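Colleague: I'd like to learn how to read salt bridges and sheets in a model like this. Can you walk me through it?

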Amino acid sequence: MAFTKTPSIAKGFRTVHLHLIFFAVCFWACLSGSASCAGEPIPVFVSIPPQKYFVDKIGGSLVRVSVMVPPGANPHTYEPRPGQMTALTKSNLYFAIGVSFEAVWLPKFAELHPTMRMVHTDRGIEKIAMAEHHHEEEGETKHAPRGKASGTPDPHVWVSPPEVRIVARNILDALVEMDPSNSGKYRSGHDAFLGEVDKLDQDLREMFKDRRGLQFMVYHPAWGYFARAYGLEQVPVEIEGKEPKPVQLKTLITEARKAGIKVIFVQPQFSTKSAETLARAIGGQVIVADHLREDWEKNLRVQAEKFRKALTPKNQ
């Protein structure tokens, strides 16, 4: 007696066959690294804490962000720990931003993990030169002209909302390319984040509209893009990355008195010795202005308010 498949059995075979195809496609997608598998977030690395804020805002729960340079560490001289190098081998993306340690370590990261994609989030930003003093032989101090495209490029692009818009776009493009199936979610996160960035930019322009052209003194010149965006000028205490010599410090004291500067801003990642000496000489004070906190939007508002209070127009 011949066996004949009933319609219900045939339908069952087709269903099983379709399920096998579906799981095969999902398995291949996981192997190829094109998407997050089984709901697992995509592991990525960033160089500094503010970048984690950006990637979290755009990627949300679809990404798991690790930070290479921890809070309090100096991104100009940082050396990764062995545990971080191990964790890096599990990462799909590395979001760079141009800080000094990357010049030495990004090639090593690429050698360790060749399939990890390097994303330069500062790509497309018009870089400015690091602010510094130029000393003539007789000890006269001159500033490099603002906006002059020479010298060491300033890597601190994340302190300025207009530059962060560009950083955000580069992050979005990389996430969409890595995980196209979730492109809609990434674009929604990106658009919401840009709304936050634009509101912050608008508020800061209003805050500094009557303080354009005023100077603020800072130990490490990390606020150049912020100054450019809002018409201010930062005066660095640090001389070519080093503590100022006594004659240079004397010149800075004279300059601060002439400009009516009463506050010296410092970062917790750097020495405050010279800043404290300078503050005592001008009868001023030292105030912390941390440019590397993870809570980027809130922190930038807090630091901006510190600058606003220190930048009092002479006619007030």
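Colleague: Which helix do Glu 305 and Arg 308 lie in, and how many residues apart are they?

Modeller: Bear in mind that this is a predicted model. Both residues sit in helix α10 (residues 296-310), three residues apart, which is about one turn of the helix.

Colleague: Which parts of the chain does the pair Glu 196 and Lys 57 tie together?

Modeller: Glu 196 is in helix α6 (residues 183-207) and Lys 57 in helix α2 (residues 49-59), so this pair ties together parts that are 139 residues apart in sequence. The N to O distance is 3.2 Å. Glu 196 is buried at 19%, whereas Lys 57 is partly exposed at 36%.

Colleague: How many salt bridges does a search of the whole structure find?

Modeller: It finds 16. Among them is Asp 198 with Arg 165, with the closest N and O atoms 2.8 Å apart.

Colleague: Now the sheet: what is the strand order, and which strands are at the edges?

Modeller: Read across, the order is β8-β7-β9-β10, an open sheet of four strands with parallel pairing. The edge strands, β8 (233-236) and β10 (285-288), each pair on one side only. From one strand to the next, the twist averages 40 degrees. Helix α9 (residues 273-282) packs on the sheet, touching β7 (215-218), β9 and β10.

Notes: Residues numbered from 1 in each chain as written. Predicted model: local features only at pLDDT ≥ 70, side-chain atom pairs only at ≥ 80, totals over all residues. Heavy atoms only, no water. Pairing = 2+ DSSP bridges. Helix = DSSP H or I, 4+ residues; strand = E, 2+ residues; numbered from the N terminus. Axes fitted to C-alpha atoms, helices over the stretch in contact; angles between N-to-C directions. Contact = heavy atoms within 4.5 Å. Salt bridge = Lys/Arg side-chain N within 4 Å of Asp/Glu carboxyl O. Buried < 20%, exposed > 50% of the residue type's maximum accessible area, 1.4 Å probe, protein only.
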